[in-house]
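Dear colleague,

Please find below the structure that I am handing over to you, together with its sequence. My notes on what was found in it follow directly after.

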Amino acid sequence: MGITLRPLTAAVGAEISGVDLARLSDHDFLAIERAWHEHAALLFRGQTLSDDDLLAFSRRFGELDPPPNQERGRISPPGYPDVYVVSNVLDQNGDPIGALGAGEASWHTDMSYLDTPPDASMLYALEIPPSGGNTWFVGMQAACAALPAELRKKIEGRRIKHDGTYNSGGYLRKGVTPTDDPHAAPGAWHPAILKHPANGRPTLYLGRRRNSYVEGYSAAESAKMLDEVWAHTTQPRFLYEHTWRLGDLLLWDNRSTMHRRDPFDGAARRIMHRTQIKGTVKPIAFGVAA
Ligand code: OGA
Ligand code: MN
């Protein structure tokens, strides 16, 4: 059977069937790359991938970024420095083998505190809890297209500060000084509305809410505006909720989606391996000549 595509929701995501990511033809890779640009998040069910397979598939998209610095630094499986482990499981010493624990991970896009954030991330399910731990996606191009004109006018042409102090689990990144001042915090400034380099469409680029700030406004004005933009963006009509099965791989575009994770029972085990595709260009403002 050949490769097929089924959209997951009107706003974001598609499921790709009929491919084994461990033995992918160039023809099918090109179809996947096109689908990724169009649908922003892609689901592949029923995969059986070693870390080498995961890396080989990831590298077809480009160079990889090393894992983010999380609450306990950068944690990778031995011998796989480009693989990032998201897990609540403890090792023999009682230390977590990965990041983010079992709590909620709040809305974010990955590593947008870098000047050139990763274009994509992919997450592969090795162990999942019996319930909870669903991962949600929001389509930022659909959210941008539906942004009320008044609100759009307030942020268009401005930059937003993307915080590098805290991760989505609310943990302080290792070695970073805690702060709630967006100006003092490490991070990067990016246009609030980007031009997607592959499909040319405008996309809202928010990063994460904590320590976010829109340039040119007072702290209070910026916070009020961001609350409105976030309330708009996270409406159910822009979302896809993913219930994991073993062997699922999800690939997402970090420019045109954000994601969050539901908490799950900390006594259950969840192990996911992730890679991150290095960005090729810095985020460009929509409407600005390149
Ligand atoms: C990630 C992430 C959420 C999850 O890997 O970037 O945010 O569902 N993970 O584990
Ligand atoms: Mn993430």
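In this predicted model, Y84 stands opposite R274 in strand β18. Y84 belongs to strand β5 (residues 84–87), which is joined to β18 by 4 bridges and runs antiparallel to it. Strands here are DSSP runs of E with at least two residues, and helices are runs of H or I with at least four residues, both numbered from the N terminus. Two strands count as paired if DSSP finds at least two bridges between them.

Strand β8 (residues 120–127) pairs with β18 in the antiparallel sense over 7 bridges, and the bridge partner of M122 in β18 is T275. Strand β4 (residues 64–65) is joined to β18 by 2 bridges, again antiparallel, with D65 opposite Q276.

Which residues hold the manganese ion (ligand 2) as protein donors? They are H108 (NE2), D110 (OD) and H259 (NE2), lying 2.1 Å from the ion. Donors are N, O and S atoms within 2.8 Å of the metal (3.2 Å for Na, K and Ca); water is not among the atoms, so sites may look incomplete. Along the sequence, the donor residues are spaced H-x1-D-x148-H. H108 and D110 are both buried.

One has 4 strands in the order β7-β17-β9-β15, with antiparallel pairing. Its edges are β7 (105–108) and β15 (239–242); each has a single partner strand, so one side of each is left without a neighbour in the sheet. Neighbouring strands of this sheet are turned by 15° against each other on average, direction ignored (axes are lines fitted to C-alpha atoms, for helices over the stretch in contact, and angles run from 0 to 180 degrees between N-to-C directions). β7 is joined by 2 bridges to the antiparallel strand β17 (residues 257–261), where R261 stands opposite A105.

The other open sheet has 3 strands in the order β11-β10-β14, also with antiparallel pairing. Here β11 (187–191) and β14 (213–214) stand at the edges, and because each has a single partner strand, one side of each lacks a neighbour in the sheet. Strand β10 (residues 159–163) and β11 run antiparallel and are joined by 5 bridges, with D163 opposite G187.

As for the protein chain as a whole, its secondary structure comes to 5 helices and 18 strands. Buried residues make up 52% of its 290 residues. Of the contacts with a separation of 6 or more, 79% are between residues 24 or more positions apart (contact: heavy atoms within 4.5 Å).

Residues are numbered from 1 along each chain as its sequence is written, and chains are lettered from A and ligands numbered from 1 in the order in which they are written. Local features need pLDDT of at least 70, side-chain atom pairs count only at pLDDT 80 or more, and totals for chains, interfaces and linings use all residues, while side-chain values use heavy atoms, with hydrogens and water left out.

Yours sincerely

Note on methods. Buried < 20%, exposed > 50% of the residue type's maximum accessible area, 1.4 Å probe, protein only.
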